[in-house]
Every structure is written in structure tokens, then in C-alpha cells.
Amino acid sequence: MALPLPPGLTHAEVAFLAEMEMVTIVPRQRLESMDLLSGQTPPLRPPHRAQLPLWLALLLKKQRRANIVPPPWLHPASLSEIIHRETKENPQTFSPPPPPPAHANPHDPGHARRLADADTILSPPFQPSCTASAPAGYLPYHWLEVAEALLAHAGDDMAAPAGEVRSLLRDLVEVRAAKMRSSTSVLGGAENGLMELTGVGAIELAESRAFVLGVVDGVRKIGAGAEAARREDEEQGGGIHDDDGSDDDMGI
Amino acid sequence: MSYYDIDAILTDAEKIPCTFQLDVPDLGYLDNTPTQTLKTGSRIALPLWLAEMLAIASSSGDLDEQGKSFVTFDLPPALGNDVVQALKADPRAVPLRDQSAHFYGLATHMMDLSEEQELATVLRKTYVTRATEIALHARKVGGVGHHGKSTADEGSNLGVGGAGEEFLRGLDEWERKLFRKAHDGAKAGKEWMENVKKH
């Protein structure tokens, strides 16, 4: 009650975080390497492409020192493919997040391998520079924020007229928002308490978090009595103990 | 549920029908018969908190009355059979607020007191089905842009009006909160999108 902000990040915060995502630029001026908190930026030599954080790339773009190369997934063809997949092929689920980056093995030429070691974290928010290296046909975690920022500030660098990309994005947003709304309806079944939200982007989560949590919480409250009774039965009957009772501690 | 939760307090004030199981002297005014004894078997609507106390507590007077609770209670009309049947038929068509402004709160409280498996199933289905509808309306309703955007920008307002308003008026408190959450989310999203350019 004391906190005025709902749980989770607001849109502005998510958009701020998205500015750490890497984008590819084509510099128009030389710029020496800079020491930033996240490490050194690559030295910029005009015809060579370089990867920079989005905020720095936008700054250089505004100063006309660089052009931004739109990421492959922001190409109209990629967007229409995703829309097609979301509406026609899989009208129920969200399109999957980008696969982990592939690495070529120098000893085994021709066979790239997905990075999937035990110690690499590859879930969306922690994936390194997932926005720049995401292949076409997949939406990275920060897709909408990055796309909006690029459209607003680097519309002339797009692969197609900015209006076309924008209208495709709008379609995609609408399709996915509708899915988000109807995704809660699976909770209505007696035994099904799972919602599949794989592939949902950060800004979509920020938008729907309160609503989805509200629905889940309501379902939990309605079922609380039956749940307590079931637990009692279990404890008296088989003596199977839920040792942690994690459901109670979650505090959704 | 917090101690200071106003909705919880108001839910506790909802009346439910109770049947007295023993005579109570001088309480007849509850049944419109002042200065008389309240007879066993009188049916009176009591607030939930009082009914709960009386139903759980048991008298410790005479030997033959020992262990007997003061009152027994039935499900309130808001959770009656006809309402449940209507909800089964089409959850969206029932204005829950007309039944009780704290419909779900009342229902969960009643389910705590008495085992109603079927009611829980119906309510769950109802809540989830209506939630989808609520989210849909929450996205449409209201001009989100503050600065008088052109009507073309709010083209998604189509379909609100008649039926939509009717439905929204029938939301109970839980659903109103849910509507608010969904609406705030959608609004924040739109505001953010309009502000991207300014940074």
C-alpha cells in the first residue's frame, strides 16, 4: 500500500534498459575507443561497421556522425513473416524468442553449434546483445522498444519506408495484445493453472503484468478453499509432504 | 487480506440468510416483533461477520442444547441456484454487481465456511471468461491521449457503447480492480509510445 508503483518495471524503465541493447552502425567519422562502464567501445573507422549500445548509437545518429543499420528482424519481410506465423500458423502461442547465438567450430568447418554450455545464461533478458544478433524471423526480448526508438530517430535508415515498418509493427502489437488478453482464459479449466508466455517482450510484460497477475491472483483466491481442503487430505492420507509449500510463499 | 482492507470490511457486512436454532429472549425486534422472544427457526438476514461468529460458536447452556450452534446459514441469494445456472450458461451476460457489489469476496468467504466444490468451478470459469472481456474493454474505453487526438487515432473505440457499457456496469469490485489494472497498463503503453519521439 505504501508503494505507489505497481510491481515490475514501468514502460519508461523498460525503455531505458533497452537502450543498453547493441545495434550495428556505419560510422561517418572516425572516433577513438571510449572507456564506458560496460567496457570499451570499438574504435570507429568510417567504412567499417561496429556494434554500439543503442543510446550511443542514437546520440551519434542525432549528431549525424553515424547511420544505424536496422537489425535483420526489423526488415518488413521478417515482420510480415512473424505476423503470418502469429496469425495463421500458431494463432494461440507467441512466436518463439530468438535461438541462442551460434558459434562456428574452427576444427569442424561448416558445422555451427548453438551456444548452450551449462554456465551460459541464455534466457532473454540476459542474453548478450540479443537485439543486434537476433536473426530475421524472431523477436528479441526488447523488440518493441528498440524498434520504436529506431523508427523515431533513424527512420531514414530503415530498409523500407518507415511508415511501412511502422504499420507492420502496429499490426504485430495488436495481434500479440489480443493473444495476451485471451491467454488468461486457459486458467478457467479445473486443473490447468499454466499460462504459456514464452516469447513475450519486455514492454508487453510491463503493459500486461498487473492484469495477468490480477487474474491469477483472483483464480488463486477463488480456489483457495478447495486447495486447502486438498492439502489437508493429502497430509492426512498418504503423508506426502510438500516440503516447501512454495505456493504460499510466492506472494503473487 | 489486510486488516484495513475496506473491501474486506464491506464484504463482511453483506447480509446472508440465517436460521436461529434456539430461542433468544428480547431479540424479537430483529424479526419485527419487538419486546418478544426470538423463536427457534426464525429466518433473519445477518451480516456475514456476525453470522460466522454465531454459526461457529456453540452454546454452553443446558445439557440438551450443548454443542449446538446458535444459527445455521444458507447461501445468500447472490450465490443462489438461479445465479449459478445463469453463470454456467453465459458468464458474460450476468451483471454481477446487481447480485452483490462484492460478489467474489462474498463467494470466497462463503466457500471458506462451507464446502462448495461446484461453486468454485463455476466461479473460476466465470472470473476467467469475464477477465478476457474486461481486458478487451479496458483497452478500448476512454480517450487515452490527453491532448484531443483525432478520431482516427481512436478508431479502436468501435464497439464500445450499448453492450459494452452494460457489461462494465455489471462488474463487481474485484473485476473493477482488474479493469483498472488492465486500463492503466494499456494507457501507460500508449503514453510511452507517443513519448518515444520526444527523447
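Mentor: Helices (H or I, at least four residues) and strands (E, at least two) are DSSP runs, numbered from the N terminus. This is a predicted model: local features need pLDDT of at least 70, side-chain atom pairs count only at pLDDT 80 or more, while totals for chains, interfaces and linings use all residues. Residues are numbered from 1 along each chain as written, and chains are lettered from A in the order written.
Trainee: Which residues of α8(B) are buried?
Mentor: Among them are W174(B), L178(B), F179(B) and W192(B). Buried means 20 or more other C-beta atoms, placed from the backbone, within 10 Å of the residue's own.
Trainee: What do they pack against?
Mentor: α1 and α7 of chain A, together with α5 and α6 of chain B.
Trainee: New topic. How many helices and strands are in chain A?
Mentor: 8 helices and 7 strands. Buried residues make up 31% of its 252 residues.
Trainee: And at what angle do α3(A) and α6(A) cross?
Mentor: Roughly 20 degrees, with axes (lines fitted to C-alpha atoms over the stretch in contact) coming within 10 Å. Angles under 35 degrees count as roughly parallel, so these two helices are roughly parallel to each other.
Trainee: Which residues of α3(A) make the contact?
Mentor: They include L79(A), I82(A) and I83(A). Contact means C-beta atoms, placed from the backbone, within 7 Å.

Note on methods
Buried ≥ 20, exposed ≤ 12 C-beta atoms within 10 Å, placed from the backbone. Contact = placed C-beta atoms within 7 Å. Axes fitted to C-alpha atoms, helices over the stretch in contact; angles between N-to-C directions. Parallel < 35°, antiparallel > 145°, perpendicular 65-115°, else oblique.
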